Amino acid sequence: MAIRLTLFPVTATPPSSLCSFNLLPRSRHLAYFSSSSSSLSGVLRATTKRLSFATRSKSVTTMAASQEFTGNLKHEVEKLFAESLRLTVPDGTSVDTEVAASLPGKPGDYQCNNAMGLWSLIKGKGTQFRGPPAVGQAISKNLPASEMVETCSVAGPGFVNLVLSSKWMAKSIEKMLVEGIDTWAPTLPVKRAVVDFSSPNIAKEMHVGHLRSTIIGDTLARMLEFSKVEVLRRNHVGDWGTQFGMLIEYLFEKFPDTESVTETAIGDLQSFYKQSKTKFDNDTDFKEKAQKAVVRLQGGDPIYRKAWAKICEISRTEFAKVYQRLKVELEEKGESFYNPYIANVIGELDSKGLIEESEGARVIFLEGFNIPLMVVKSDGGFNYASTDLTALWYRLNEEKAEWIVYVTDVGQQQHFNMFFKAARKAGWLPESDKTYPRVDHVGFGLVLGDDGKRFRTRSSDVVRLVDLLDEAKTRSKTALIERGKDKEWTAEELDQTAEAVGYGAVKYADLKNNRLTNYTFNFDQMLSDKGNTAVYLLYAHARICSIIRKSGKDIDELKKTEKLALDHPEERALGLHLLRFAETVEEACSNLLPNVLCHYLYDLSERYTSFYSIHQVIGSKEEASRLLLCEATAVVMRKCFHLLGITPVYKI
C-alpha cells in the first residue's frame, strides 16, 4: 500500500493504554534519544505546522472506530499502520506499509517492519528521531484507536507487534457465520480475466500430461471467481493445422461414408491418430493427398469442413468424459476460432514496422532472444505464434480482459516470453509485467512415475486420463468397502464418497506442490488417510460435521442466539487462522500459486486437531461457543475444497 506521508506534531499526552514499549534495556535504548528530547513526546515532535494535530487525530480516530471488517485481515491491519505512518514520518517521504503475519512463537499476531527502512530514509535530514527503535515507538504511539487492537508493543530495532482483540476476532467470525463466507472474499484490482487452460489437441486422447493444466487452471479460475472477478474459462484446443489434412484423408479411406462415422467406429482416437501419422510418413501418395486436403480445408471446402467437424465432435465427446469427472467447466475457443482474425492482426503488426523478412519467412526480432519470433512461415502459412498473438489481441480488444493467464508446461516458457514481448513491442501491453492489462504464463513441471521418469504405462504409452481417474475412484471404493462402509451406506452414498475421495486425492496431490516442480504420481501416497492428503482433510471435515450432528443442536439457531468466545490459546489460534483465510486466497491468486491455499487448509486442519484434542465440545459449559467454532472451521474448509475443485464429504 503506497502512501504519501506527512509529519504532524504530537501533543505530550500519556502513552495509550493500548500500547506498551518493550524495546531494549534502559541503558541501551537511551542512546537513541537526544538529551533535549528524552521524553516520548519530545521524540515525536516535529517542526511542520501545516495542520493541527487535534483536527487530524480526530479524523483518524473516527476512521478507525467506524472501520468495517472487509474479510481481509491483513488489509485492515495495514490501514491502521498506514494512518500511523502518516502521523509519524516526515513530509515528502513515500513508503509502502510493511506488515506481515507474525511467525508462530513470535510476539503479536501481525508485525509492522517499517521502522528500520524509514530510519534509513530520514537519517541525517533534520529528524529528531535517534534510531529505528524511536521510530517504532512513534509508529506504535500513533496507531489509531480501534476495537481490533488488544495491545501493541515494540521490540528489537523497531519491530511493532500488534495483538488483535480476541473479542473482536470472535465477533468477526460470528458475523461470517450469519452473513456467509462470501463476505470474506478478497477484492482484486481486476474485473475480468481470461484463464486459458487444459487445451488438448483434437484427435488425441487427454492423457496425464493434461492433468496439471486442467486442475491448476480450474483452481485459479475458481479463486478468481470467488474474488469477484468475471472469469472467461478458455479451452484453446488444437483444432486447426496441417495434421488435419492427414486425419481427414485417413478418415475418407477408412470410412467413405463420413456421415455414418461415429465414435465407436473410429474407436481409440489415439490409435486413429497414430495410424494416420504412420501412413503419412510412409506413403508418398497419401502424404500428397493430405497436403492438398489442408488447402481445401482452409479454403472452406464444405466436404472437408464437414469431415473436420466430425473429428472435432468425436474428440469433444472424449474430452467431456474427463471434464465431467473433474467437474471442470470450460468454453472452447480453439485455434480455428481465431483464424479469421489472423491476417488483420499480422497486418497491424506489419504497419507498426515490427515484421521483417528472414529466409523467406516473416518474423519479429526481439531484444534478448537469439532467434526471432516467426509469425508467417515461408510457405505463407500461419503458426502457433500467429494464432497466439491473434488470440491475445482478441482477448484484449474484443473480450476486454484485464488479466490473461496461460496454464501450460514450463517447456513452453520461451514461446510465451517471446510473444508477450512482441505484444509489448506492439503497444498492446504495458512495459511493466505487473501493470494491467497483464499477461502471465503459469508454468508447471512434469508428472513422474515411481522410476523418476515421465509417467507412462508399462508399454511406454501415455496414461489416458479417464483410466487414471477411474482407477483412483476404484481404489477409493475398495478402501471404503474394506472398512465396512458398503454395509452402512447405500450404494449411491458409497459411489459418491468413493468418487469425491478418489478424484479429490488426485487433484490435491497435484495442487499441494509448487506448480513449478515435478511430482511423483503414486496412488498409495495420495489415497493415504495420514499426512497432507485430500483423504486426511476430507476425513477431518467429516469428523467436524459428525461432532455437530451428535450434539443434537440446531447450528443455524445457535448462530442467531449464541456468542463465540476465544478464551483459550487453542481456540484463539484456530480463530486467528480462520480470519486469515481471505488474505491467503488473495496471496494464492496474486502469485498464481494454488499450493498456498493447500498449505493453509492443512494448517487449518492441524489447528483444529490441536483445539479438539484438548477441549471438550459436547457437554462442556462452552458447548455453544465451541460448536460455533467447529461450524466456522467446517465452513472455511468447505470453501477451500470448493476452490480446489474437491467435493467435501460429510460422513466417513
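Modeller: Glutamate 499 and lysine 327 join their side chains in a salt bridge, 3.5 Å from N to O (a side-chain nitrogen of Lys or Arg within 4 Å of a carboxyl oxygen of Asp or Glu). The model is predicted: local features need pLDDT of at least 70, side-chain atom pairs count only at pLDDT 80 or more, and totals for chains, interfaces and linings use all residues. Residues are numbered from 1 along each chain as its sequence is written, and side-chain values use heavy atoms, with hydrogens and water left out.

Helices (H or I, at least four residues) and strands (E, at least two) are DSSP runs, numbered from the N terminus. Glutamate 499 is partly exposed, at 24% relative accessibility. Lysine 327 is also partly exposed, at 45%. Here buried means under 20% relative accessible area, exposed over 50%, and partly exposed in between (1.4 Å probe, protein chains only).

Aspartate 109 bridges to arginine 572, with the closest N and O atoms 2.6 Å apart. Aspartate 109 sits in the loop between β4 (99-101) and β5 (110-112). Arginine 572 belongs to helix α23 (residues 569-579), 463 residues apart from its partner. Aspartate 109 is buried at 6%, and arginine 572 is buried at 17%.

Aspartate 440 pairs with arginine 438, closest N and O atoms 2.5 Å apart. Aspartate 440 is buried at 14%, arginine 438 at 7%.

There is also a network of salt bridges: Glu205, Glu318, Lys321, Arg464 and Asp467. The structure holds 47 salt bridges.
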